Structure formats: C-alpha cells, structure tokens
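These are my notebook entries on a structure that I had not examined before. I set down what I looked up, entry by entry.

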Number of protein chains: 4
Amino acid sequence: MSSSIYGKIFSISTWGESHGAALGVTVDGCPAGLSLSEKEVQAFLDRRKPGQSKFTTQRQEEDMVSILSGVFEGQTTGTPISMIVFNKDQRSRDYHAIAECYRPGHADYTFDEKYGFRDYRGGGRSSGRETIGRVAAGAVASKLLQELGISLRCYTRAIGPVSIPEKEIHWDEISQNHLCMPNQEYAKKAEQYLEKCISNQDSSGGIIECVVEHLPVGIGDPVFEKCSANLAKAICSIGAVKGFEIGDGFLAAKAKGSENNDVFFAESDGQIKKETNHAGGILGGISDGSPIIFRAAIKPTPSISQIQKTVNRQHENVDLAIKGRHDPVIVPRAVVVVESMAAIAIADMLLSSMTSRMDRIKAFFQTSL
Amino acid sequence: MSSSIYGKIFSISTWGESHGAALGVTVDGCPAGLSLSEKEVQAFLDRRKPGQSKFTTQRQEEDMVSILSGVFEGQTTGTPISMIVFNKDQRSRDYHAIAECYRPGHADYTFDEKYGFRDYRGGGRSSGRETIGRVAAGAVASKLLQELGISLRCYTRAIGPVSIPEKEIHWDEISQNHLCMPNQEYAKKAEQYLEKCISNQDSSGGIIECVVEHLPVGIGDPVFEKCSANLAKAICSIGAVKGFEIGDGFLAAKAKGSENNDVFFAESDGQIKKETNHAGGILGGISDGSPIIFRAAIKPTPSISQIQKTVNRQHENVDLAIKGRHDPVIVPRAVVVVESMAAIAIADMLLSSMTSRMDRIKAFFQTSL
Amino acid sequence: MSSSIYGKIFSISTWGESHGAALGVTVDGCPAGLSLSEKEVQAFLDRRKPGQSKFTTQRQEEDMVSILSGVFEGQTTGTPISMIVFNKDQRSRDYHAIAECYRPGHADYTFDEKYGFRDYRGGGRSSGRETIGRVAAGAVASKLLQELGISLRCYTRAIGPVSIPEKEIHWDEISQNHLCMPNQEYAKKAEQYLEKCISNQDSSGGIIECVVEHLPVGIGDPVFEKCSANLAKAICSIGAVKGFEIGDGFLAAKAKGSENNDVFFAESDGQIKKETNHAGGILGGISDGSPIIFRAAIKPTPSISQIQKTVNRQHENVDLAIKGRHDPVIVPRAVVVVESMAAIAIADMLLSSMTSRMDRIKAFFQTSL
Amino acid sequence: MSSSIYGKIFSISTWGESHGAALGVTVDGCPAGLSLSEKEVQAFLDRRKPGQSKFTTQRQEEDMVSILSGVFEGQTTGTPISMIVFNKDQRSRDYHAIAECYRPGHADYTFDEKYGFRDYRGGGRSSGRETIGRVAAGAVASKLLQELGISLRCYTRAIGPVSIPEKEIHWDEISQNHLCMPNQEYAKKAEQYLEKCISNQDSSGGIIECVVEHLPVGIGDPVFEKCSANLAKAICSIGAVKGFEIGDGFLAAKAKGSENNDVFFAESDGQIKKETNHAGGILGGISDGSPIIFRAAIKPTPSISQIQKTVNRQHENVDLAIKGRHDPVIVPRAVVVVESMAAIAIADMLLSSMTSRMDRIKAFFQTSL
C-alpha cells in the first residue's frame, strides 16, 4: 500500500533510498503565490547535514536541492513542487555484512519479511536519509506558516539522562552549541555524556521539544482528526521516535483534575487566555490559542561499533561488527525533522480549518470571487 | 472538514452527540463472511458502561446496540455495518451553566470559536459518549483479529501515582477489581487513592497499557504509515489521551544503544526471535513478530465539583460549579476504548499488508479466483 | 475495501440494504451554521418516491427521514449529520427465485462471487433503495450551494428514443408531467412510448441532463481532481448509469477545433464571458463561469416480467420469471439522485477551492480569526 | 488542494510543467518483486512521442526516462518508484502572446483566476506534457496486470466523423497506420479527413476505445467505488476527454430492457458466461468476467492556427494567432494515455479487491506468513 504520502490538503509524497540515484519529495496542494527559493529549502536541509561536530557522523553529504516544478518567477504556482537531491556518495562498497545480516534495532529483518528482499545498501528506504524529503517539504510548510505569522521552535530538551528543566530554557543559547540545546550549561554536560558514549562504542537517545506559537484558535478537528492525533502520527512516523506527548503528557496521568485543569480568564480587552498550559495548547483536539507544546522521545542510534549478536538471512546465529561512520546521537540532526513534520501537519490542518463555518465561507466567496 | 472517519480499507464513520437522539457508527470495508452478532458488540459496549462501581459515574446509561445493516443470517456481507445506540436519558435539564460558561479542561471554548456555537447539552460531540461508536466498531475489528488468531489485551497500568511494576503484572487478577488492574494489591492502593480524590472533590488520571500478540511479521508500512504512527494517531484521537509510547518509549530516550537494541537469535527450528523487546514489537515501522506493546497517558477527568474560576461566552470572568455525576477517574472505562482503537488500526493495517509482494498476490489470485 | 464513503472535505457515508431494518447516511464535514430541517431533507426524498404515476412502481415506500445528530436548534453544528429512514415494508416474502437465480442485468452473480454470498432480499445493497442515503445527503449539499447562490437544475432529457432537442427545453413545463421532462409535447410522446413498453412487459432507458449555474470561476483542480473527473465519478457511481458527457460530450469527438472552441469576449464592464459553451463550463478541469452542463445515460430497468433465460447458484441453466412491481423506467426517479450526487461533488470541490491562493488565505485568517 | 495524486493502494503522484526543468511521477504502493526496467517504461513513453507522422506535432521531444528509486537489481522493492524525464527543449522563446492572452479552449483563463497567475510557458501544468507522468506510471501498472494475466488493448475507434463499425475491428491492422486504428481502410479515410483539417488550419477530435480482458470476476466495489465510476474518473481526468461510456453507453439509454439485458448461461464445465456484453463487463459496479469495454470522447485540439477572437489579461477583446507546431489531432497520441490511466485504475482496484472475503483472507495469512 502507498505509505510515503502524507496530508489531505497540503500533501507530500517522498521517495528515495540512501544509496540510490537520488531522493526527493513532491509537495502537492501548496497554495499559489507563496514566494519560495531553493536557498530557503537548502537552509532547512543544511540543518540536518552531518559532519558539523564530533557528535554527528563524519560522512560527507552535500545534499544540494533543486526545485524542478511548481515554482515560477519565485512564487509557487499552486501545482506540485518537485524537489530533488542527488546522492553524491554512491561508490560501490562492500555491503556484504549488512546485506546478509539483520542488524539489531534496524528494519532489515522486517523489510525482508514484508517485501521478500530489500535494497541492502545502507538502509535503503529505512535509512535516515529518507528524511531529506520530509525536510525539503518542511521548508515549504514553514514558509507558509511564517507568512501567516505562525512560528515553530524546535530544540533538544534532553540527551540521554541530561535533561534541561522547564524553567531553564534559554532560546538564545541554542546556536551556541552543536546539540541544539537551549541551555549552554546542560549542553556541556550532554557533550561530556556523549564523549563517554563514543569512547564506549555506544550511542545515546534524547528528547526533542517543539513549541508552536500564534496559531489561531480552532485548528484541528474533533474525534479522529484532532490536532494532537495528527501531530502524534506525523511525529511517530519519524524513524527513531518511540514516544510522543503533548502539554504535560505522561505527567498528566499522575496529576489531579484540580492541578491539570487550566483556568480560563478574560483580559481587560475581552481576550480569553489560560493561566497555565498543562493542556499544551489543545482542548478537545482543537487549538486554544496558547502555544502548542509537544515532545518526542528519540531512541539511541542502533548502529554501534560494539560486536553484537544477531542472525543472518539464512536464519543462523552470527556475530556482527557494524563498520562505517555513524552518529553517536541523532537527536541534534533530528530537530529539523521534527520541526518539518510539525510544520507539514499544521499547514495541512490550518488549510482544512477554513471550511468550518458557513458565515466565513460566505464572506470568503463574496470577497474573493 | 470531515473528521469522524477513520481507516483506509477498514473504515469507520462515527456520529452522535451526548444528548442527541442517538449515537452510532458505520463500519465500511469489513470483509464478508465474518460471523457477528449484536450480543458480541453489546459485550464490548458493556465494558464502557458507567455505574459499575463507586469509581465511575452513577448515571444510568443502558446503551443497547442494534445492528441495522451489513449483517445477514449472522454473517457480515461486505457492505456497511451500521450500528446505533439510542440515548435513553434525554430529559430536558438545566444546561444554563454549561451553556454559558467555558469549563476548564473541556472543549466548550474551542468548539464555540471553531463553529460559532455548539450543542451545549452535556458536551455534545466532545463528550465521552462519542466513544460509543468507536467501541461498537472495535468489537467488529476485534472479532476479525480474533478469527485470524491475533489477540489484544488492554488494562490499567497506573492510576495517578499508583503504577504496577512491569514484573508484577498478573493477567488473571484484572477481573478481580473494578479498575481493570492486573494486580490486586495495586488495585487496592489505587482504590484508596481514588477515595481520597473523591473526598477532595477531585479526580485522577492514569496509564493504560496494551499488548497485541500473534500479529504476523510485516504489518505496518515504512515512512508515514508505520505501525507505530498509525497506533499513535488512533490512540491520541481519544479524548483524554495526552501521551503515547511504544515499547520502552520515553525510557528509550535515556538509554544507550547497547541497552536498547534487541538482540536477534534463531531458534533451533530457524524461527527468528528477539531476546528482549525494548522496541515494543515494531522495527522500522513494521511488526517484527514480538508482542506490540504501547501505553497511553490519560489526563484526570476535567469535570470536578470544586468551584473553578473561568470565563463565560460574554468573555467575563466568573466562578463555575459543575453539577451532576462525573467519573472521578475515566481510566477503567477508557480501557475498552483504547483496545477498540488499537483493534481498528491494526485491522486496517493488516488488510493493507496483503498487497506488499507480487509472489503472494499471484498465489492469491491463482487460488481464490 | 470501504466503498460507501464519498468526498474529501464534505464526506458522506451511506449504508443499508433494500430489505434490512433501515437505510441512512452520515454527512461529515458540513460547515456549521447552515440552517437545516428534516422537512427540507424529506422534500428531496419525496422526489425519488415511487407510486406517483403508472410509470413508476406501485410499491408503497413512505421513506420518512429522521435527523439523529449534527443539527442543533435548526442549524448544522459542524459535526456529523446522521440521517435514517426505517424500512416499513419488511414482511417476510418468498425470495426463493431471486435467492437462487442470477437475474440478468443485476449484480446477483457478481456479489456472490465477490463476497461468497449475498443478502438476496430485493437486491440488498445493490438495490435502488441504496440511493436514499445519497438523496438525503444531496439535500444537505444542495442547501449549502443554495446559500452561496449556486443553483442546480436536473431533468429528463430523453426517454428511450424520445429526446428533447436542445432548443426546445422549457423549464416551466417540468412540473406538468410525471417524467420530469421540460417539454410537455415530448413528455406525451415519451408516455406513449412507455405505455408500449409496459404492454410488452419491457422497460426503457433514458438520458438525464443537469445544469449548474452561478458557480464561481476556479472550482475543480488540474490533473486528477478536475471538476469533470469528479462529476464523472459521482454520476457513474449511480447504479444504472452507463455513460457521462460534459458540454458537447461525444459530439465534440466529431467536431473541428474551429467549431468546438468557445470564443472569449469581454463585456463592457470587463467581465469575461464565452460566446458559446461547447465546453460545458469547464476548461482544464476548472469551472470557467459559464453553466456546467452534463448528461448521464441511464440503462433500461433490468427487472422485466418477460420470462428470461439465466443460471442459478448451482450454475445450471434455468428460466426466470421476475415477479413483483417494478419501474418500467427509472429515469424520472433518478433525476433527484443525479442532482444529489452533483450537489455533493460540487460542494466538496467548492470547499476544497478555498485554499488555492495565499492572498485569499491571508485575508481569510486576518478577517475571520 | 492536492490534485496530482491518484489511487488508494497503488498511488501515483505526478508533477511538472511543459517548459519547466523536468516532469515526472512517483508510483507508491507497487508490490515488491515486480521485474521492471527503464526500457519497459521508455517503450510506453515512446508511444506518446510526437513527430512520428504528419498528423502529430513535429516538435522534437525525446523524453528519455530515468528510474531514480524503488527498483533494485531489476525488481521493484515495494518502496516509491520515482521516474523523471528532463525537458530538453527549454530554450527561451517569445511567450508574449500566450502569456497575455487567454487561448480559446485552453485553461489559461481558469488558471489565472484560480491561482492569481500562471506558468505561461507552453501551457504549464495544463499542457499535454503533463501526461508523461501518467504514462510512465501506466507502464508500471500494465506490467503488474500483465504478470497476473490481464491484458489491455486501446485504439482509435473514430477520428472526427470517420468511425470504425463494431464488426470491422481488426486488431492486427493497428500497427499498419499512424492513427492506431484497427482497420486500414478506415485509417485511410481518416487520413484524408485530417489532411483536409490541416489544409484548413483546423483540427479534429475522435474516440478512443479500450478493452480489458481476463480480469477476474469481483473487481470494483458497490456504491461509490464501482469499477465503472473509477474508470470514469481516471479517464475524464485526461485533459481533452469530454465523454465516457461503458459497454453500450449512450445507446443503452435508447434500448429496451429485453434488448439490453445480457443473458447468463452455464457452459458444460459449469462456468458462467454471458451471451452478449451490452454491460461492458460490469454488473453492479463489479467486473463480471466478460471483457471490460469503454470509450472516451476526445475533443479537437484547441490550438489551431486560424486567427481567433479572444480576450487578454487586461480583459480587452483581441485577435489571437497561435504560432508553433501543434497536433491536428491528439487522438493517436492519447491512446497510450487512456491505456495508462485504465491500467492504473484497474491495478488499484485489483489490489483493493483482495480484502473482500474472510475465507480468502484466512487462507492468505495461513499460506503466506
């Protein structure tokens, strides 16, 4: 079944294997008249580029994007926007070990069973390089949201056991470290932790947090298309994500109603606000005007250079040594992936929300047409 | 936008407000030849019925289901299965307070903004009674899975701070308490905790866990239709859910690769197994043959009888006293809702998985037709 | 696979068999704030009611509709609108012949092969009564279009060989005959033709034409979601439809470019019009401001009382006599079905069209929210 | 809204403008293990190539396809198959006339209104070059059907008024002329007719017919997903199509029930057949084992070199002379487009049909997994 297509109105269709000729995405349903350049998309892709510090793989991946359609004279035309990144690093390697073995924590075994065989060169479609299409599309969605005054901020909240407390998040410090952590002190602790992981030929997981601001009230729909449900799917579709929570999340399970309820109040100008935001900006699945806040749990990189026990395609027990350059932690590079998927999901829901009320629909058709 | 429809192949379409004439669901895409009776659906609905202990609301909701179509001579016909539950308890009440005020933790405010007004009788479409359609459809999906040898077990893992340790889960004790907890000792602690909540006019959240066994390898698709992503959406679409995790979930974020990787091994008959199941039965978004394990964080019931500050429709600050009978905890009643949504999501993915391989498709058409 | 759900934004989900307990539809995605009453829906259903002349079956079908959800205080709430019609005439009959035989021109054989068995009571899900759900939903869609100033007119263009020439269509004469023909003289010819069919125990087909006026320019999307493509699917999904054409349709195949091209001209106020409308109001799949005109070919009723040769479930050759009361022509009753499907398809496309331009989206969010 | 994506299970996503950098398609949901080469796809694309006779445009379009993903070692992997054709002929031209004017019969005006502006180079997304993506995807779908023993034959039935009678169709003569007509004598008449069109600076329409053989009984679903409805949408989504009919089509509207009903009979081995095939192989929306037969009406090429009256972007009346090389008839080149869309629609429905019966599903999971 088709499974690389996401979104009802603002739809994306991604494709490409880690060691195929190219990877890419087609964004279909982007409104016409959005100014968009390859430079803006490239800026997003550069944020997922490896080799920027010792905590990311030293592989060279240039990943230069081209826009092949859907943009004319600097503006989107309303037709599909096809974007492509050619794989530079396609030289023939020795894939024997990975071709024959099922790496623990990877999708080798499940792909073989589901499809009968697999493209064994570097992970194929289950590689982290699959996210190139997501991020290129995310750049478009982010531009759309930005034009409407909506902002997304995404950052590393925790690396392994090193977690920044809620009250010590300082946005301006994010760019001061290679880990996308909004606290320089915790970033240093995290670096020390990662160095220990590296020296033990091990890897680390972490937590990514995202804050969406200035989203209008009324985004997301009741029942199955809740804002929270769509974000959950978008985020949990990212390879290494093992958990998702919105607002207080799992802490809410331990809380009492009197603690967890956010008290509404009216400002002097009549605007309705909430004293707290345990709900993470969503009530009944619909945005309530407070910031949307969610977190994603990222598992540790499964590719570690320790010898691991596993099985091969002949279903024999074997020892496996994974060679090559791998990220000791993917969290910093995954930040822009989470941000991209959130932007895509929100853009789709935002456009969907335009049809909820007859009075607004009437006004739209009287004004526009 | 339509938002009460879920599923691509096995689709459900739910409808109904808490105090409207009726609620129901249409299941479209259920294969023909599944034996199904109203009794089986009723058994599922009875599990979400209130009034079974002091920890659930004392409202009387009989919720008798009728199957109106799609079943003939005890078997599904392959056409839409329409199921209906008439609302018995529709007497005219004083909804003035709830009509005029925005209850904290509820969707009153967001519905009013999104739609311009709302059906204010008891929560309307954002009421917990909306889950009647999910559960009736869940009964059908569960029957389908059961016929294929797949089992789902769902239970209360935690109530507020009272959480059953992983190694102390005893399935057979679930039916011994009113909280669906698989440990009688922890159930008693939870009851004590809830009694304190009740005496404080307060409410509690909790955690529901679900285990899916005997699912074939190969269910779920790469990229956006991962088994984990679809479960995340299905579960996070349930009203009170604020978090979702699969396998080790948020603990994986703290773990190292060497700890989190599940070692594969081959049994003497060549079958591939995993020594551990940190992944929760899913690798690369595809089921790996181990049990699927996930958890949902449920927020505390927002309806509490303490006086709460809030605002009214005129955007004035007011005090609110919520009357009526409300659940001090909805977790035990939500267990069957989580189980239903999991069954629906898995049934949909299972049917989708039949088209992944040419060799199997060829064999299918040679055998069947 | 689910197949009784239609529409992306304005979605409908129909259900029910001809001799089951009830039939119905859920409309999901209708905007909030549309005034709607059971009376308005009933008026649509009454137009498909049989027994109004000798040219429709004399069966009694009262078909009283109830709205069970989604309407509150006379207005749609934005949540699913469930509508139900109980089957009155459910007495146990002798279905032996129809249960055992495959009626020519009916779906008995294909249902049995596809599903393994079928609900053989009166056609089950392939009965013309299946259209009750379409028409109830069509009433809602028509109301929505009417509120936006868009009108649909649907009528019988031909009965068998009796076809009204284009220049002799007189709207006001439609209500003067039982055949929904906009020309009283041709209606009389058609009646004579039908009487001959009846006396020969035979039946007739015909052509239904539909004109949609005041649709804004810009409805429908390029490539796969063309206005013409969506109308084609909506109309060809109706049981007896064997052909669909837009504008000049099959005549365009015989025409030359110089004849078929519609010349644009600007009126003195600058408004762009077309001198002719061979295109039927659609250019490149997008509405051009001229009336949308399409036609549907309806096959003759397959149930005729002549003895017919056929086969039974045991794959033996047999003679079949179909008893009971059947329409000698279904065209007049199908007019409202075609109109309903057109209204549903157009409502869905109209709502979809709101997201095509950034300038309009920006204005929408600045004004509305 | 996204509108360049087609199909539920076997999905295609096309992109590209006539004079952009490239055009292409991603096929998502193709089963793994289908052998596929660029050569096979190229063979399909070559059938839509212009410049093969004086009846098609003399523009040079090489249209060499590359497969960028989803095929590994000669076999589909089950992941998205991205195919691309770079536009060779991109030199800067004088698009002034076409940029400023609304060509009759083209989508210039409707695109401008819908999107606010348009890519005016040679038709942009509404160009016939858009079909490159459809045909490349059609090659994949056709290969899939061929592997299952299903065959599609598509040919020119009529050019303008020159129509081959049903009984004079001789398959083997198709390759003897440039018009894809299965009758050499009629092909010559058509050539004479086209030469007259050319000399009058005019163009011609025509009719394409398609026959699908060896499709199993049971393909297509009741109500909205009828085989006929899905084919209607797929075919009417092609740019120049103005009409669609299945089986006897519009002739059925004139027929009597006794003429139009196809009599079933059982062969000596018990197989059920039909004496005639007025229904075109579909009963109740489901394939009945007879050949599926449908026709598409193609309008005459709107680009003619006669001076035409029209309006410009400033809404002024002007005269327009369209320069360049245009097809006097597109029917022969559209044959492979119709065949492609039919193959894609049928492949999607065929895969969908695997979930209709519990007995077959059980057997599938017992055998396969």
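**Entry 1: a hairpin in chain B**

I began with S18(B) and S19(B), which form a hairpin with four residues between them. In the turn, B:His315 has a positive phi of about 60°. I note here that the model is a predicted one. Strand S18 of chain B covers residues 308-312 and strand S19 of chain B covers residues 317-320; the two run antiparallel and are joined by four bridges. Looking for the residue opposite B:Lys309, I found B:Asp319 in S19(B).

**Entry 2**

I next traced an open sheet of 10 strands with antiparallel pairing. Its order reads S10(A)-S9(A)-S11(A)-S17(A)-S12(A)-S12(B)-S17(B)-S11(B)-S9(B)-S10(B). Which strands are at the edges? I found strand S10 (162-163) of chain A and strand S10 (162-163) of chain B there, each pairing on one side only. At the chain A end, strand S9 (residues 151-159) runs antiparallel to S10(A), and two bridges join them. A:Ala158 stands opposite A:Ser163 of S10(A).

**Entry 3: B:Ile298**

I then looked up B:Ile298, which is found in strand S17 (residues 292-298) of chain B. Is this residue buried or exposed? The relative accessible area of B:Ile298 is 1%, under the 20% limit, so the residue counts as buried. Leaving aside neighbours within four places in sequence, I listed its contacts: in chain A they are A:Ala252 and A:Ala253, and in chain B they include B:Gly206, B:Ile208, B:Ala240 and B:Val331. B:Gly205 is also in contact with B:Ile298. The two lie 93 residues apart along the chain, yet their C-alpha atoms are separated by 5.4 Å.

**Entry 4: strand S7 of chain D**

Why is strand S7 (residues 81-86) of chain D described as largely enclosed by the rest of the structure? I found that five of its six residues are buried, which is the reason for that description. I followed its pairing with strand S3 (residues 22-28) of chain D, which runs antiparallel to S7(D) and is joined to it by six bridges. In that pairing, D:Val27 stands opposite D:Ile81. Strand S4 (residues 65-67) of chain D also runs antiparallel to S7(D), with three bridges. There, D:Val65 has D:Val85 as its bridge partner.

**Entry 5: C:Asn260**

I located C:Asn260 in helix H7 (residues 257-260) of chain C. Its relative accessible area is 7%, and C:Asn260 is therefore buried, the limit being under 20%. Apart from neighbours within four places in sequence, C:Asn260 is in contact with C:Asp248, C:Ala252, C:Ala255 and C:His278, and with D:Lys299 and D:Pro300 of chain D.

**Entry 6: chain D against chain B**

Last, I examined where chain D touches chain B. Each chain gives 26 residues to the contact. The area buried between them is about 2600 Å², and carbon and sulfur atoms give 74% of it. How many salt bridges cross this interface? I recorded two. One of them joins the side chains of B:Lys362 and D:Glu147, at 2.9 Å from N to O. On the chain D side, the elements giving two or more residues are helix H4 (131-147), helix H8 (331-352) and helix H9 (358-368). H9(D) provides the largest share, seven residues. I sorted the residues of this side into 16 nonpolar, five polar and five charged.

Notes:
Residues numbered from 1 in each chain as written. Chains lettered and ligands numbered in written order. Predicted model: local features only at pLDDT ≥ 70, side-chain atom pairs only at ≥ 80, totals over all residues. Heavy atoms only, no water. Contact = heavy atoms within 4.5 Å. Buried area = accessible area lost by both parts, 1.4 Å probe. Salt bridge = Lys/Arg side-chain N within 4 Å of Asp/Glu carboxyl O. Nonpolar A, V, L, I, M, F, W, Y, C, P; charged D, E, K, R; others polar. Buried < 20%, exposed > 50% of the residue type's maximum accessible area, 1.4 Å probe, protein only. Pairing = 2+ DSSP bridges.
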